[in-house]
Amino acid sequence: MLKVPSTKSHSVFSSEISAVATAAQGESFVLETCDCYAGQIRSEAVLRPDIDMSEFNRATGPVEVADVTAGDWLLVDIERVSVGDHGVMAVSPGLGLLGDRVIEADSRIVPVRDGRAWVTDSLSVEIVPMVGVIGVAPGVGEVDTELPGTHGGNLDTRFVTTGNRILLQARHEGGLLSAGDLHAAQGDGELGGTGIEIAGEVQLSVRKVEYDGTLPAVEHPSSLSLLSSAKSISEAVRAGFDEAVELMARWHRLDWEEAYRLTSIVSHAEISQMVNPLQTARITIPRQWCALDFD
């Protein structure tokens, strides 16, 4: 199976970065990923303010997908997310929603064993590995991997996990897909500014599908979540809801007012993350209302 090492990684999404590998439609491949700090915090003596943040959130790739052209929608099947035996959780002044209350930086190495992450010596949580950064090259220029957007990027959405599928629209031939920033676990909002940041592997396959949206979206067994990013959560929710209404009108052959009413009562506004330079909301539509058939 094609495997791309974490040394083939970058800190911006750009069509100027040459593909490091080519995958056929539906071919499985593996991206090895470093943690979001590029492995710089190897002990609790190393603090976030002391590391090189230009290495932050590196994404492995890009992989070009055969027979993909600009404008195609890519259905990215997240076949497996595997993580290493330890993660990192950094606390630092200014980091997260209560960062103003943090006096001193502190690093915690979080052991992972038997499916659980040990946050303290006596407290553990079940791991639910997810992909924080996944995206394609943007249409114009370059986008820092710290940013989410219509290209994907730093979406920090906990549903980007094994068994689910993410929809991304290619802006260039081959799509140029990259991924990184795995988390062993993360809550909605990523409120403290960190998940359990960890190195690992993500196994993916990609194929073209027909889709009518403009935003990235995650398909999971019970629903479809539209992923909208903006300067504030309220702006992100508005943009995501706008697209949800348009999709519902198209899927159910409704005029806009009818779709507006229906979407208001069946969809749900949720928060993926609110700690990145742009914040990401989810508008989740239960599967029974989604006219989608990718299989």
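User: A crossing is left-handed if the near helix is turned anticlockwise from the far one by less than a right angle, and right-handed if clockwise. Which hand is it when α1 passes α2?

Analyst: The crossing of α1 past α2 is right-handed. Note that this is a predicted model, in which local features need pLDDT of at least 70 and side-chain atom pairs count only at pLDDT 80 or more, while totals for chains, interfaces and linings use all residues. Residues are numbered from 1 along each chain as its sequence is written, and side-chain values use heavy atoms, with hydrogens and water left out.

User: Ok. Where are those two helices, and at what angle do they cross?

Analyst: α1 covers residues 233-252 and α2 covers 256-266. Helices (H or I, at least four residues) and strands (E, at least two) are DSSP runs, numbered from the N terminus. The two axes come within 8 Å and cross at roughly 115°. An axis is a line fitted to C-alpha atoms, for helices over the stretch in contact, and angles run from 0 to 180 degrees between N-to-C directions.

User: So are they parallel or perpendicular?

Analyst: Roughly perpendicular, because 65 to 115 degrees counts as that; under 35 is roughly parallel, over 145 roughly antiparallel, and the rest oblique.

User: Which residues of α1 meet α2?

Analyst: Among them are F241, V245 and M248 in α1, which face a set in α2 that includes W256, Y260 and L262. Contact means heavy atoms within 4.5 Å.

User: Changing topic: how many residues of β6 are buried?

Analyst: 6 of the 7 residues in β6 (59-65) are buried. Buried means under 20% relative accessible area, exposed over 50%, partly exposed in between (1.4 Å probe, protein chains only).

User: Which strands is β6 joined to, and which way do they run?

Analyst: β2 (residues 9-10) runs antiparallel to β6, with 2 bridges. β4 (21-23) runs parallel to β6, with 3 bridges. β17 (177-183) is antiparallel to β6, also through 3 bridges. T60 in β6 stands opposite S9, and its bridge partner in β17 is A179.

User: And L177, what does that touch?

Analyst: Leaving aside neighbours within four places in sequence, the contacts of L177 include T60, V63, V76, I134 and L204.

User: Which residues touch the most other members of the largest nonpolar core?

Analyst: V76, I134, I166, L177 and L204, out of 37 residues. Such a core is a set of buried Ala, Val, Leu, Ile, Met, Phe, Trp, Tyr and Cys residues joined through side-chain atoms within 4.5 Å. Strand β7 (73-83) gives the largest share, 4 residues. Apart from this core lies another, of 22 residues, including W73 and M248.

User: Last one: is L123 buried or exposed?

Analyst: L123 counts as exposed, because its relative accessibility is 55%. L123 lies in the loop between β10 (116-118) and β11 (124-126).

Conventions:
Two strands pair if DSSP finds at least two bridges between them.
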